[in-house]
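Colleague: I'd like a close look at one part of this model. Could you take me through it once we have it on screen?

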Amino acid sequence: MFAVLKTGGKQYKVASGDVLRVEKLAAKAGDKIQFNEILMVGSTVGAPLVAGAGVQADVIDQIKGEKTINYVKRRRKHGSQRKKGHRQQLTLVRIADILETGADTSGVMAAVSGAGIKMVITPRVNPKGIAKPKAGAAPKAAAAATGGDDLKKLSGVGPALEKKLQAAGVTSYAQIAAWSEDDVAAFDEKLSFKGRIAREGWVAQAAELSKA
């Protein structure tokens with residue numbers, strides 16, 4: 001009796017005693033496994049699978065296929081190419097029994113692909129452990145995430161200047177609103193603002209924004 005089974009996206013016609021190389025399975029040498037995706041057993045054709053049918057096999061070894069060489073060429077004007085080698089991971093099995101019925105209650109371990117890797121993706125956080133705000137979040141939400149006000153509301157302040165101010169310890173409108181002339185001069189010199197603070201009127205703006 002023969003059967004047609006499906007595994008690793010391919011179909012195989014097998015009979016008892018056949019040795020088969022299939023896409024890598026999650027099993028080790030000596031294990032007994034059962035293929036449950038059976039398309040045909042003898043004269044019985046599935047629709048698409050044959051209910052209750054199965055093919056049991058013994059795992060001989062985990063092996064690698066023959067090495068294949070691929071050439072990756074760039075456009076002609078670059079005049080270069082790269083060689084890539086690959087060896088497919090395979091599982092060598094020996095077909096033992098072909099079951100027309102009762103495979104669903106046999107208790108034999110199902111043949112499961114072992115090529116895939118489950119990836120767990122965790123959200124990235126900044127060094128302080130605070131999750132970065134999503135793109136398009138409201139200014140207040142962004143300020144809350146960084147622990148300060150949105151300094152980009154001040155005239156002439158963009159993302160780069162805001163980072164400079166935050167690095168200097170300035171994170172709120174209240175701090176800027178409380179600056180004296182000496183403070184303004186000190187920050188002008190420290191951050192190379194060249195009179196920008198007084199010219200743009202940051203202190204007055206910050207006083208209004210802190211009231212909002």
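Which residues gather in a patch of positive charge on the surface?

Modeller: Bear in mind that this is a predicted model, where local features need pLDDT of at least 70, side-chain atom pairs count only at pLDDT 80 or more, and totals for chains, interfaces and linings use all residues. Residues are numbered from 1 along each chain as its sequence is written, and side-chain values use heavy atoms, with hydrogens and water left out.

Your positive patch is made of K64, K67, K83 and R87. For a patch, residues need over 30% relative accessible area and no salt bridge (a Lys or Arg side-chain nitrogen within 4 Å of an Asp or Glu carboxyl oxygen), and like charges are joined within 9 Å. The elements giving two or more residues to it are β7 (54–73) and β8 (81–99); strands here are DSSP E runs of at least two residues, numbered from the N terminus. K83 is found in β8, and at a relative accessible area of 56% K83 is exposed (over 50%, with a 1.4 Å probe and protein chains only).

Now for the sheet behind those strands. β7 and β8 belong to an open, five-stranded sheet with mixed pairing, ordered β3-β8-β7-β4-β9. Its edges are β3 (19–23) and β9 (109–110), each pairing on one side only; two strands pair if DSSP finds at least two bridges between them. On to β7's partner β4 (residues 32–35): they run antiparallel, joined by four bridges, and K32 stands opposite D58 in β7.

Note on methods: Patches are made of residues with over 30% relative accessible area and no salt bridge: like charges are joined within 9 Å, nonpolar side chains (Val, Leu, Ile, Met, Phe, Trp, Tyr) within 5 Å. Accessible areas come from the Shrake-Rupley method with a 1.4 Å probe; for residues, only the protein chains shown count as cover. Lys and Arg count as positive and Asp and Glu as negative; His and the chain ends are not counted. The place of a charge is taken as NZ of Lys, CZ of Arg, CG of Asp or CD of Glu. Buried means under 20% relative accessible area, exposed over 50%, partly exposed in between (1.4 Å probe, protein chains only).
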